[in-house]
Amino acid sequence: MWTSVLACLLIGSSAAAAPAAAAPAAAPAIIKAAHLIDGVSDRPRDGVAVLVDGGRIVALGTVAELAAKQPGARVIDLGNATLLPGLVDAHTHVFLNDDVGPGVYDAILLKESAPYRAIEAAANARTALSYGFTSLRDLETEGAMYADVDVKIAIERGVVPGPRMTVVTRALAPTGMYPLRGYNWELAMPIGVQTIDGPEEARKAVREQIGHGADWIKICADHGVYEGRPDRPVRSIVNFTLAEAAAIVDEAHRLGIKVAAHANGWDGIDAALRAGVDSIEHGQGITDDLSTRMIAQNVVWCPTMMAYQYATKKLAPDPRGWMAAYHKAAVARAWKRGVRITFGTDAGAFPWSMNPAAEAKLMADAGMPPMAVIRAVTSVAGTLLDPLCKPGTKLCAKSDVGEIAPGKHADLVAVDGDPLKDITELERVKWVMKAGVVWKGP
């Protein structure tokens, strides 16, 4: 499979992912569909078309109104389809393609070069675009250093097709918390993260990563998950001292960069919140008390249920499979309490041949209404990607993704059915536009 994907990447022969418009600049177009979900409103709208020009959304209205505003714009008629903002996966790993199982992760770091992994990452990014994901927040290269910045730049320059990339480069962990285990101690094994110890090393690492192009910083807040009491059912061992974690967040925020925290158990989540992070990744141990703190601190949760479901099926039994029920219940409770939940899958932990949009059904099955799930994969994720608003700034920068509105990026997708009646429609995106250029469909 991946041989053919790579061949398509190099020679541009893939009908599914090749751009229908080869021009470097997007021509004016009016996109017409029977139904429109804008990513923000509570209800869909019918008979509303979208005018795009120069890679941006210019206006919404009837076809006649938009044609009068932009004479000569071509009309793309999608018939009875539902038009949505381009999908956003807020937790991916394009430098992985299934790392589940004994020795699998080790083999990636020991046997695959960074250049090879960058080629595969570009192919995975292209696959994500064909699924309808026009933006990704990619949360570390797992040992490929800063090559995610290279993939991001290659996409931006049009060298390879792919989503808009927000990249982390290397996650941060203290000594001994993220090694390859069981090898001769006389050999220097590769490490999938950047190791830091102490507040000064923490600040230096943040500066280094930002200097190399990181858009976000990621910390591994815990490890060693274990089962606790009913009030705190998922516990963990905290990685950083408070001084170390706080230094990371303080330095990143000082430089205008947000921080994501890998945190499975209650202890890791608690520590990450104390440090002041901006998002919690995975979060099986979220309880009502943590939810209250997350709301007060405006922290977003990215559950990534799909990755853990995949691990449970593949390993059968998965040593961490006992967390699944707690994970689902935590999503249900947190949603009801008002925690901002965004869409993220941990794609790469499972193979890219699996459509990450399947996460949407898991979120709905956990109790989130379909429109809330759609907002999670559009406007909520888009807001998460907004840069920090620096003190004294009169006009804060925005990601401009996740919403169909004038001024936003012309990133749009269409499905045949109604995703409010069947959320799995998001797994069957038939048409994809990124920056005003059609990458999939008529």
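Q: What makes a stretch of this predicted model a helix, and where does D318 lie?
A: A helix is a DSSP run of H or I with at least four residues, and helices are numbered from the N terminus. α10 covers 305-315 and α11 covers 323-337. D318 lies in the loop between α10 and α11.

Q: Why is D318 said to have no salt bridge?
A: A salt bridge needs a side-chain nitrogen of Lys or Arg within 4 Å of a carboxyl oxygen of Asp or Glu. For D318, the nearest side chain of opposite charge is R320, at 4.8 Å. That lies beyond the cut-off, so no salt bridge is counted.

Q: Which residues is D318 in contact with, leaving aside its neighbours within four places in sequence?
A: They are Y308, A311 and T312. Contact here means heavy atoms within 4.5 Å.

Q: What lines the largest pocket?
A: The pocket has a volume of about 1,200 Å³. It is lined by 36 residues; D99, Y105, Y178, H262 and R320 are the closest to its centre. α3, β13, β14 and α10 each supply at least two residues of the lining.

Q: What makes β2 and β3 a pair?
A: Pairing takes at least two bridges. Two bridges join β2 to β3, so the strands pair, and they run antiparallel. In β3, R45 is the bridge partner of L36.

Q: Why do β3 and β21 stand at the edges of their sheet?
A: The open sheet has six strands in the order β3-β2-β7-β19-β20-β21, with mixed pairing. β3 and β21 each have a single partner strand, so one side of each is left without a neighbour in the sheet.

Key
Residues are numbered from 1 along each chain as its sequence is written. This is a predicted model: local features need pLDDT of at least 70, side-chain atom pairs count only at pLDDT 80 or more; totals for chains, interfaces and linings use all residues. Side-chain values use heavy atoms; hydrogens and water are left out. Buried means under 20% relative accessible area, exposed over 50%, partly exposed in between (1.4 Å probe, protein chains only). Lys and Arg count as positive and Asp and Glu as negative; His and the chain ends are not counted. On a 1 Å grid over the protein atoms alone, a cavity is a set of points where a 1.4 Å probe fits but cannot get out, and a pocket is an open set with protein on both sides within 12 Å along at least five of seven lines; lining residues have an atom within 4 Å of a point. Grid points are joined across faces, edges and corners, and a volume is the space filled by probe spheres set on the points.
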